[in-house]
Amino acid sequence: MQQNPANLVDLTNLEAQLTPTIVYISADFHSSSGQSASTKDPWKLLPNFFAAIPLKNDRFAIGLGVTMPYGLGNEWDRNSSAFAQPGGTLTYTAPYFSQLTTINFNPTISIKLGDKVQVGAGLDVMWSDLEFKQFLFSGVPPSVPNLEAHAEGDGVGFGGNLGITWNVTDRQRLAVTYRSPITIDYSGTTEFNNYPGGVPGTSFGSQIKFPTIVSVGYGFQVNDKIRLETDLEWIEFSRFKNLPINVGANALRVPSQTIPENWRD
């Protein structure tokens with residue numbers, strides 16, 4: 001389902017699989033003035049689930065995958081010198097908390113076209129949540145050192161994935177797969193905390209363009225126990241040119257902005 005839906009039809013029985021992904025991500029910051037900061041909670045758990053069943057003399061198969069393909073999050077230690085209030089190098093220039101959550105629902109079907117070729121296709125329905133927390137330096141009196149913005153929004157995008165496998169010989173396979181790009185428009189709210197007397201929240205909006213993925217794979221069955229395989233994958237990350245951050249018209253005159261990203265394929 002995730003890599004090549006054409007091979008789903010190779011299953012001979014009902015199967016279910018829980019495949020958690022464990023991620024370790026950590027960052028440290030050091031400035032020329034001697035200030036520093038480190039991220040917290042470096043371990044992340046991304047659960048993934050798959051279930052599939054063959055149909056009609058093993059010529060068809062259907063399945064459902066639930067994955068978290070692009071999740072990422074970081075939280076900086078606010079007690080570090082780089083986030084000191086006021087005077088920290090990062091205090092008003094970077095979010096101390098940022099998190100991207102994605103959950104992709106991928107119903108899939110696979111079909112055998114004779115003995116040599118099998119194809120598969122799936123629908124991608126991806127929900128995503130984007131969240132930021134950052135200290136602000138307000139241009140509106142009174143000056144509040146710990147003024148904080150909390151922006152969060154979510155959205156849904158749609159796409160699909162395709163796969164074709166050619167059984168070149170009894171021992172050789174060649175496969176080509178394609179996963180379409182997905183664009184998600186986020187909408188939500190921006191709240192401003194710790195301001196004396198309170199201040200109304202506003203809207204939040206953003207957009208992320210997730211990549212096209214194309215891959216080619218070749219496999220050789222050495223014997224009943226061993227298979228060798230090589231894959232080449234191209235990911236169109238250049239779609240992620242910028243990240244718009246729209247916080248709406250607010251009483252604190254906090255501006256919206258567009259953050260350049262310019263990722264490469």
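Predicted model: local features only at pLDDT ≥ 70, side-chain atom pairs only at ≥ 80, totals over all residues.
Trainee: Over how many bridges does strand 12 pair with strand 15?

Mentor: Strand 12 pairs over eight bridges with strand 15, which covers residues 213–221, and the sense is antiparallel. To find this pairing in the structure, look at Ala175, which stands opposite Gly217 of strand 15.

Trainee: What makes Asp10 and Arg173 a salt bridge?

Mentor: The N to O distance between the side chains of Asp10 and Arg173 is 2.9 Å. The cut-off asks for a side-chain nitrogen of Lys or Arg within 4 Å of a carboxyl oxygen of Asp or Glu, and therefore the pair of Asp10 and Arg173 qualifies. The two residues come from distant parts of the chain, 163 residues apart, with Asp10 in the segment before strand 1 and Arg173 in strand 12.

Trainee: Why is Asp10 called partly exposed?

Mentor: A residue counts as buried under 20% relative accessible area and as exposed over 50%, with partly exposed in between. Asp10 has 33%, so it falls in between. Arg173, with 23%, is likewise partly exposed.

Trainee: Where is the salt bridge of Arg179, and what are the closest N and O atoms' distance and the partner?

Mentor: The partner of Arg179 is Asp124, and their closest N and O atoms are 2.8 Å apart, which is within the 4 Å cut-off. Here too the pair links distant parts of the chain, since Arg179 is in strand 12 and Asp124 is in strand 10, 55 residues apart.

Trainee: Is Asp124 buried or exposed, and how do you know?

Mentor: Asp124 has a relative accessible area of 0%, and because this is under 20% it is called buried. Arg179 has 12%, so the word buried applies to Arg179 as well.

Trainee: What makes Lys40 and Glu75 a salt bridge?

Mentor: Their side chains have an N to O distance of 3.9 Å, and this value is within 4 Å, so the pair is counted. Lys40 sits in the loop between strand 4 and strand 5, whereas Glu75 belongs to strand 8, 35 residues apart from Lys40. Lys40, at 33% relative accessibility, is partly exposed, while Glu75, at 18%, is buried. A search of the whole structure gives three salt bridges.

Trainee: Why is Ser206 called buried?

Mentor: Ser206, a residue of strand 14, has a relative accessible area of 7%, and as this is under 20% it is called buried. Leaving aside neighbours within four places in sequence, the residues in contact with Ser206 include Leu130, Ile184, Tyr186 and Pro244. A polar atom of the Ser206 side chain also lies 2.5 Å from the backbone oxygen of Pro244.

Trainee: What is the phi of Asn57, and where is its place?

Mentor: Asn57 has a positive phi of about 55° although it is not a glycine, and it belongs to the loop between strand 6 and strand 7. With a relative accessible area of 73%, which is over 50%, Asn57 is called exposed. Arg253 also has a positive phi, of about 60°, without being a glycine, and it lies in the loop between strand 17 and strand 18. At 61% relative accessibility, Arg253 counts as exposed.

Trainee: How many helices and strands are in the chain?

Mentor: The chain has zero helices and 18 strands. Its radius of gyration is 24 Å, whereas the globule rule gives 18 Å for 265 residues, and so the chain is more spread out than a compact globule. The C-alpha trace spans about 75 × 35 × 30 Å along its principal axes, and buried residues make up 38% of the chain.

Key: Residues numbered from 1 in each chain as written. Heavy atoms only, no water. Pairing = 2+ DSSP bridges. Helix = DSSP H or I, 4+ residues; strand = E, 2+ residues; numbered from the N terminus. Buried < 20%, exposed > 50% of the residue type's maximum accessible area, 1.4 Å probe, protein only. Polar contact = N/O pair within 3.5 Å; in protein donor to acceptor, adjacent residues only side chain to side chain. Contact = heavy atoms within 4.5 Å. Rg over C-alpha atoms; globule rule 2.2 N^0.38 Å.
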